Amino acid sequence: METQSDFPVPPPGCPAHSGGGERVPLHGPEFAADPDAFYAHLRSYGPIAPVELSPGVEANLVTDYSAALQVLQNPDAFAKDARRWRDFNEGKVPQNSPVVPMLGYRPNCLFTDGAEHLRLRQAVTDSLAGVDPHWLSRHVEQVASYLIAQFSARGSVDLLNDYAKMLPLLVFNELLGCPPEIGDRLVFGTSGIFDGGVDAEKANEELTQGLLELVALKRRQPGNDVTSRLMQHGAKLSDEEMIHQLVMLISAGTEPQRNLIANGLYLMLSDERYSGGGLLVEDAIDDALWNQAPMANYAPHYPVQDTEFGNTRLAAGDLILISFAAANTDPKLSSSRQLLSKRAHLAWSAGPHACPAKDPAQLIAVAAIEKLLNQLPDIELAVPADSLTWRPGPFHRALAGLPARFAPVQPRQTSAPPTGQRQAPSATPSATPRSRPQEKPEKGSWWSSFLAWWKV
């Protein structure tokens, strides 16, 4: 017979300590500091548990691996269309809630079902399929070399904010075929939205305006890029649909990607299994995907009708999230995890809405880390690993910073950029020779600075 002592003790800061039965908060520094303790407590509720995403925003979190697959692979019972979100429709969730931008409906393949989802997803997957992996690997190395050149002479760097954050933004600007003036707006807008703060509204305006200009440009001058292929696809996307697919691609390809790169670097620099050279960067990425999933809790779903699920009564339109982090570390998998495929984790989700770009995403992360370690082989953490801070938030597993140090080196001369993908930019600012360290670009000018450096 189970007793109260058989269940995990609620972690510090969890209102379950009070015994009042409140929902468990997935926001605040306590959850960010020790999410595993929260997941252990949530498992005591069964496969699905009541949580709070931000003050007043309620959800149900699936923490069980098998139950997660049941939701992800059953779109007839659990829909993705956020217009079903009952609490939002009834006004219980204010439109200005900080979690609404991640959960609110958009006409893209992430928030649609059925034939509409298939139409939009096919356009996205076909457009991404046109990206040559050899070209992408070379381009990531070019971007990595440029970023390393910004700090290599200093002997110190915040690998999160000066490397892992910026690399996906610059890579995606190239994938989308951005000229300098539009690319700068997308970098400023995308980074501002995810980082929040006083400029978040302005950043959203810059991102939207930049994408409108990009779509208009590609209507006039299509090229060999994801934006043009998306536009020319047989799905015949409208300009509005173009904007929303591009927002989804940028969002999914930058914030989770930077967390994957940073979490992989964190393992490479803090875990003795990797410091001895016995394991590869690919192993660290797989480790991070299993144990530090960059998107820890997401994949919003809604029951299409009242249902019983995991000993919990759910009403139609209740918000369900999948905890990829908790499912991947489900204790019931402990005896078989080593037998599971490296790709059996749920960090890329599963079912009809699984990430369509997991292979390019993994390639980018591996290439970025390998390039950094090859150019700065003596790099090490500048602070104890256990002193690092993780960013609060219900959705991600993300470091706030990753300070490192190394012996200062002069920036290397870099080979010519890869050909076959990039079109000549419409304008390029004055270039700075790559043989000298550069000043850090001003906020919003990273893409122009990179293109100038690239052309030297």
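Mentor: We will take a few labels and set each against its definition. This is a predicted model, where local features need pLDDT of at least 70, side-chain atom pairs count only at pLDDT 80 or more, and totals for chains, interfaces and linings use all residues. Residues are numbered from 1 along each chain as its sequence is written, and side-chain values use heavy atoms, with hydrogens and water left out.

Trainee: Why is strand 3 called mostly covered?
Mentor: Buried means under 20% relative accessible area, with exposed over 50% and partly exposed in between (1.4 Å probe, protein chains only). Five of the six residues of strand 3 (residues 57-62) are buried, so the label follows from that definition.

Trainee: What makes strand 2 and strand 3 a pair?
Mentor: Two strands pair if DSSP finds at least two bridges between them. Strand 2 (residues 48-54) and strand 3 have six, in the antiparallel sense, so they qualify. One of the bridges joins V51 to A59. The two strands form a hairpin with two residues between them, and G56 in the turn has a positive phi of about 85 degrees.

Trainee: And what is the sense of the pairing between strand 3 and strand 9?
Mentor: Parallel, over three bridges, with strand 9 spanning residues 320-323. Among the partners, N60 bridges to I320.

Trainee: Where do the buried residues of helix 2 lie around its axis?
Mentor: P35, F38, Y39, H41 and L42 are the buried ones.

Methods: Helices (H or I, at least four residues) and strands (E, at least two) are DSSP runs, numbered from the N terminus.
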